[in-house]
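Please keep the sequence and the model at hand while reading.

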Amino acid sequence: QVQLVESGGGLVQAGGSLRLSCAASGSGFSINAMGWYRQAPGKQRELVAVISSGGWTDYEDSTKGRFTISRDNAKNTVYLQMTSLKPEDTAVYYCNADITIQNTRTFRYWGQGTQVTVSS
């Protein structure tokens, strides 16, 4: 069974940095695109950044130039380096991954979420 486990959230002051990690565990799978979403209280979940298996990336406009998504395919891990954090970045951050099981079907998996709180 495939699982995504996140780490790295916390409380930081405005202007600070955090790095989130999300590792996939299990066996018999391959990972396609991976991404990070966030959901603030009272708001819909929104895409923050995405990275393809080949390293192509895209970002939500408000995070461009401040956030960097990367992945280590050998470790089945995706990262989100966040700098110049703002109070409006406060949210629960979720990773996801499109994972092919036993070279047959592809499913989207989600991490459990990690809280990021930016104080002003």
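A nonpolar core, as the term is used here, is a set of buried Ala, Val, Leu, Ile, Met, Phe, Trp, Tyr and Cys residues that are joined through side-chain atoms within 4.5 Å, where buried means under 20% relative accessible area. In this model, which is predicted, the largest such core has 30 residues, and those with the most contacts inside it are Trp36, Ile69, Val78, Leu80, Met82, Tyr93 and Ile99. At least two residues of this core are supplied by each of strand 3 (18–25), strand 4 (29–39), strand 5 (46–51), strand 7 (67–72), strand 8 (77–82), strand 9 (91–101) and strand 11 (114–119). Strand 9 gives the most, with six residues. In soluble globular proteins, nonpolar side chains tend to be buried together.

Once its neighbours within four places in sequence are left aside, Ile69 is in contact with Met34, Gly35, Trp36, Ala49, Val50, Ile51, Thr57, Tyr59, Val78, Tyr79 and Leu80.

What does the protein look like as a whole? Along its principal axes, the C-alpha trace spans about 45 × 25 × 25 Å. Of the 120 residues, 42% count as buried, and among contacts between residues at least 6 apart in sequence, 54% join residues at least 24 apart.

The open space in the model is the next topic. The largest pocket holds about 160 Å³ of space and is lined by 13 residues, of which Arg38, Lys43, Glu46, Glu88 and Asp89 lie nearest its centre. By class, this lining has two nonpolar, four polar and seven charged residues.

Finally, consider Gln81, which lies in strand 8. Is Gln81 buried, partly exposed or exposed? Its relative accessibility is 29%, so Gln81 counts as partly exposed. Gln81 and Ile69 are 12 residues apart in sequence, while their C-alpha atoms are 6.4 Å apart in space. Leaving aside its neighbours within four places in sequence, Gln81 is in contact with Ser17, Leu18, Arg19, Arg66, Phe67 and Thr68.

Methods: Residues numbered from 1 in each chain as written. Predicted model: local features only at pLDDT ≥ 70, side-chain atom pairs only at ≥ 80, totals over all residues. Heavy atoms only, no water. Buried < 20%, exposed > 50% of the residue type's maximum accessible area, 1.4 Å probe, protein only. Helix = DSSP H or I, 4+ residues; strand = E, 2+ residues; numbered from the N terminus. Contact = heavy atoms within 4.5 Å. 1 Å grid on protein atoms, 1.4 Å probe; cavity = no way out; pocket = protein on both sides within 12 Å on 5 of 7 lines; lining within 4 Å. Points joined across faces, edges and corners; volume = space filled by probe spheres on them. Nonpolar A, V, L, I, M, F, W, Y, C, P; charged D, E, K, R; others polar.
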